[in-house]
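Subject: Structure handover

Hello,

I am passing this structure on to you. Please open it and keep it in view while you read the notes below.

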Amino acid sequence: MAWYNRSSNGGGGGGGAWGRLSKGLLPLLALQAASEFHRIGRKPPVTAGLLLANSLIYLRPAFVDRLLPTLYEVSFNPHLILKHGDLKRFFLSPFYHVGDAHLFYNMTSLLWKGIQLETSMGSAQFASMVAALLGMSQGITLVLARSLLLFFDYEAAYYNQFSVGFSGVLFAMKVVLNAHSDEYAYLHGIVVPARHAAWAELILIQLFVPGVSFLGHLGGILAGLLYLHLRGSYAGADPLAVFIKKTFDFVSWPVRVVRRFLSFQRPRTSSRGRVGSGQATAVPSGIWRCPTCTYDNSSRVDVCEMCSTARRGSGFTPLRQYNPTG
C-alpha cells in the first residue's frame, strides 16, 4: 500500500494521471505479462483477471471511467471507514494505485506470485485465498490503526492516513508462498531465510522507499500468518473455494463438454487397459493421469486441464522459490 496527501492526490477523477496512457512502465508490464503467460502451459485465469482489473482501474478507459469512483472516494482511511461504515474504502482501495511505478511494481509482483500459487493450488483455491487475504489484511490494518489511537493516542500517521494499493495482499501472498521454504533470499545484499523475508522487506522498504504504508504492509504479513494458521487447523474443504469452483463449473460446462468430445476424437497416447484385467494402466513418460476424471495431462502442468484437480492432491503444494519484489 502507498499513502498519499489528499490535498495533492485525493480529488482526481478520470482525467490527468488517471486517464493517460503511460509511455514507459505500463507497456513494459504488458510485455512481461504476455511473455510469462506465453511461457507457461496452463494459463492462470484468476491471476490474469486480477492483473486486468488493476490495470483497467488505473488507466480508466472511457467505457469504465464513469462507473468507477475516484481515488479519494475509495482510499483506505480508518477514520472514515469506522465513522461512516464506508465499506467501499475497505474493499476497493487495494485495486487503486497512485502512479505508474506503484502499479508496475505491484503487478509484476502479483504476476510472479500469482502464477506460482495458482498453478500449484488450483484456480478456485487461489481465488478463495486472495479474497480471504484481502479481507484479513484490510481488517487487521484497521484494527492496528484503531488500537494505536486508543492505547497510545497515536492518530496523525495512521488513523487519518489515506492509502491505496495491492501490496498488503502481496505481502500476505509472500508469507504463504515461502511458508515452507528452507532456502535463503537476497534483499539488497542481505541474506535472510526466505520464510522470514517478508519481515526483512517490511523494514527495508520502509527505510528506502518513501510514501509506503507501514501499517498496510504489516497487516498483510499478519494476514498471511493468520491464513496459514487457520488453514492448518481446519481439516475440511474450504467452503469459499468449493462455492467458486461449483460456480465456475456451472458457467463453463459447455466448454468442458466440447473439449471432452474433441479429446475423444483425437488418438490417445496412453493405454487404459481393460476392466478386470488386473494389469496396471500404462501412462507414457511426460504424462500424468488425473485421479478424478482420468484425463491425461502434460507433465508441464500441475492442475488437470479438464477438471482443475491439483496434480498432487487438492491442497497447496509448497514452493521453494522467492521473488523479492513487494
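Which residues of H2 are buried? They are Leu-26, Leu-29, Ala-33 and Phe-37. Buried means under 20% relative accessible area, exposed means over 50%, and partly exposed is in between (1.4 Å probe, protein chains only).

Seen down the axis of H2, these buried residues fall within an arc of 60°, so they line one face of the helix. The arc is taken from the directions from the helix axis to the C-beta atoms. An α-helix has 3.6 residues a turn, so residues three or four places apart point the same way.

First, some ground rules. This is a predicted model, in which local features need pLDDT of at least 70 and side-chain atom pairs count only at pLDDT 80 or more, while totals for chains, interfaces and linings use all residues. Residues are numbered from 1 along each chain as its sequence is written, and side-chain values use heavy atoms, with hydrogens and water left out.

The whole chain

The chain holds 13 helices and six strands. Helices (H or I, at least four residues) and strands (E, at least two) are DSSP runs, numbered from the N terminus. Of the 326 residues in the chain, 45% are buried. Take contacts between residues at least 6 apart in sequence: 71% of them join residues at least 24 apart. Contact means heavy atoms within 4.5 Å. The accessible surface is about 17000 Å², and carbon and sulfur atoms account for 63% of it. Accessible areas come from the Shrake-Rupley method with a 1.4 Å probe; for residues, only the protein chains shown count as cover.

More on H2

Helix H2 covers residues 25-39. Its 15 residues should span 21 Å at 1.5 Å a residue, and its end C-alpha atoms are 21 Å apart, which agrees. The expected span is 1.5 Å times one less than the number of residues. The buried residues of H2 pack against helix H3 (45-59) and helix H8 (100-121). On the other side of H2, Leu-31, His-38 and Arg-39 are exposed.

Look at Phe-37 in H2. Phe-37 counts as buried because its relative accessibility is 14%. Leaving aside neighbours within four places in sequence, its contacts are Lys-43, Pro-44, Thr-47, Ala-48, Leu-51 and Leu-111. Phe-37 and Leu-111 are 74 residues apart along the chain, yet their C-alpha atoms are separated by 9.3 Å.

Two single residues

Gln-138 is in helix H9 (residues 123-152). Gln-138 has 2% relative accessibility, so it counts as buried. A polar atom of its side chain lies 2.7 Å from the backbone oxygen of Phe-90. Beyond neighbours within four places in sequence, Gln-138 is in contact with Met-1, Phe-76, Arg-89, Phe-90, Ser-93 and Pro-94.

Arg-60 sits in the loop between H3 and helix H4 (62-65). Arg-60 is not a glycine, yet it has a positive phi of about 50°. Arg-60 is buried, with a relative accessible area of 5%.

A hairpin

Strand S3 (residues 184-187) has Ala-185 and Leu-187 on its covered face, and Tyr-184 and Tyr-186 on its uncovered one. S3 runs antiparallel to strand S4 (residues 190-193), and four bridges join them. Two strands pair if DSSP finds at least two bridges between them. Ala-185 stands opposite Val-192 in S4. The hairpin of S3 and S4 has two residues between the strands, and His-188 takes a positive phi near 55° there.

Best wishes

Definitions and conventions. Polar contact = N/O pair within 3.5 Å; in protein donor to acceptor, adjacent residues only side chain to side chain.
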